[in-house]
Amino acid sequence: FAFQIHFDTTKKNTEVTPAENMNAISSPLGYSGHYGIFPQQSAVETSELLERLSVMRKQECIYRVDDYLQNIPQHSTNVDAWCRSKMVLWCYSVIDYVSFNRETVLIAISYLDRFISTRSERARLVVKDRREYQLAAMTSLYMAIKLFEPKKINMECLAELSRGSYTSSDLSGMEADMLFDLKWYLNGPTAVSFLEHYVSLLPVGTFGTTANRALILENARYEIELSVTQYNLVTQAPSNIAVVALINSIQRMTSVKSIRGERSRIMKSIKFFTGIDPCDLSLGFLITRMHNLRREQTLVLSRRSSPISSVPTNYEQSKVQVPSQPQQASCGHSSPNSCVANH
């Protein structure tokens with residue numbers, strides 16, 4: 001995949017009200033505050049943001065994930081947490097190389113986790129067969145890209161990344177099974193969508209400039225991206241993941257003595273608009289676990305990974321390094337841009 005793509009990734013602005021169908025919430029990628037300037041919210045705008053958050057919290061209950069590996073015995077052919085982590089990292093490498101939004105990986109892995117949580121006949125086969133699991137992970141990424149990115153990856157090209165293990169027919173067959181088992185629930189809120197709403201509600205002028213609020217968002221987003229690799233966080237609600245990432249980011253940003261006094265005011269605002277107390281002891285494990293992710297994952301997932309590799313075919317118990325150069329996996333297309341197509 002030695003090619004470059006240039007396209008517009010401008011987000012669309014969508015409004016959501018409780019009157020809308022619960023399965024038709026705005027796109028997780030569609031919030032307009034992403035990495036932008038955070039103007040002071042009017043009372044009406046704040047009320048609308050809080051209303052949207054309320055709807056999103058109700059909706060995330062529909063998209064919950066079970067601990068589907070709990071009763072799966074350890075076996076060389078069975079899927080385990082490391083298999084999942086390795087496929088998550090591969091998904092990030094694909095997304096990074098084609099300059100798509102990393103939130104698309106969160107959506108794809110949500111499809112994968114929820115599909116296996118259905119415990120359908122196909123899902124039970126997937127969790128006990130690593131080859132099937134790879135196919136499901138690749139299909140999940142294809143579905144997420146097709147729905148939420150301005151351009152899509154050609155299915156034949158994606159199949160080529162499997163180094164001959166799967167065909168486009170295998171991918172389309174898995175896609176049909178996943179859509180059926182997920183009952184077409186494909187648009188749930190992600191931790192990033194919660195985070196973007198939360199950051200917009202932070203006290204205006206935090207630390208004196210709006211730029212620092214963008215840094216809070218940037219650091220919290222990266223922590224959320226890291227959290228996706230961890231199976232032991234799979235049952236956590238996206239809203240909780242977002243709150244903890246925000247808390248950890250704020251704590252890092254307020255570690256400087258001159259601005260440490262701002263922390264208390266900001267934490268109080270988080271409690272007000274999320275309903276979650278940052279000092280709640282029940283959050284202790286999650287806060288610590290996510291705080292440590294940076295130290296554990298720095299060499300595995302940078303803020304932007306290197307070019308993509310072929311889909312992993314083995315699951316050695318060692319850290320997965322994304323190669324500095326893409327493996328020579330040719331899709332057989334004459335044009336380097338023909339693997340990615342407009343919707």
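Within the chain, helix 3 has the highest confidence, at 97, whereas strand 2, made of residues 340-342, has the lowest, at a mean of 63. Two stretches call for particular care: over residues 1-39 the pLDDT stays under 50, although the model gives this stretch 97 contacts beyond four places in sequence, and over residues 315-338 the pLDDT is likewise below 50, with 51 contacts in the model beyond near neighbours in sequence. Where pLDDT is low, predicted coordinates should not be read in detail, and the contacts of residues 1-39 come from a stretch with pLDDT under 50.

From confidence we can turn to the interior. In soluble globular proteins, nonpolar side chains tend to be buried together. In this model the largest nonpolar core holds 92 residues, and the members that touch the most others are Trp90, Tyr111, Phe115, Tyr133, Leu202, Leu246 and Ile270. Helix 5, which runs over residues 130-148, supplies the largest share of this core, with 11 residues.

The next feature is open space. The largest pocket has a volume of about 520 Å³, and among the 31 residues that line it, Leu106, Ser110, Val234, Gln236 and Pro238 are the closest to its centre. Two or more lining residues come from each of helix 3, helix 9 (211-227) and helix 10 (238-253), and helix 3 gives the most, with 6 residues. Sorted by class, the lining consists of 19 nonpolar, 8 polar and 4 charged residues.

Finally, two loop residues deserve a look at their backbone angles. Most residues other than glycine have a negative phi. Serine 99, however, has a positive phi near 60°, and this serine lies in the loop between helix 2 (81-97) and helix 3 (103-117). Because its relative accessibility is 43%, serine 99 counts as partly exposed. Arginine 163 also has a positive phi near 60°, and its place is in the loop that joins helix 6 (155-160) and helix 7 (168-182). With a relative accessible area of 45%, arginine 163 is partly exposed.

Technical notes. Residues are numbered from 1 along each chain as its sequence is written. This is a predicted model: local features need pLDDT of at least 70, side-chain atom pairs count only at pLDDT 80 or more; totals for chains, interfaces and linings use all residues. Side-chain values use heavy atoms; hydrogens and water are left out. A nonpolar core is a set of buried Ala, Val, Leu, Ile, Met, Phe, Trp, Tyr and Cys residues joined through side-chain atoms within 4.5 Å. Buried means under 20% relative accessible area, exposed over 50%, partly exposed in between (1.4 Å probe, protein chains only). Helices (H or I, at least four residues) and strands (E, at least two) are DSSP runs, numbered from the N terminus. On a 1 Å grid over the protein atoms alone, a cavity is a set of points where a 1.4 Å probe fits but cannot get out, and a pocket is an open set with protein on both sides within 12 Å along at least five of seven lines; lining residues have an atom within 4 Å of a point. Grid points are joined across faces, edges and corners, and a volume is the space filled by probe spheres set on the points. Ala, Val, Leu, Ile, Met, Phe, Trp, Tyr, Cys and Pro count as nonpolar, Asp, Glu, Lys and Arg as charged, and the others, Gly among them, as polar. pLDDT is the predictor's confidence in each residue, from 0 to 100. Contact means heavy atoms within 4.5 Å.
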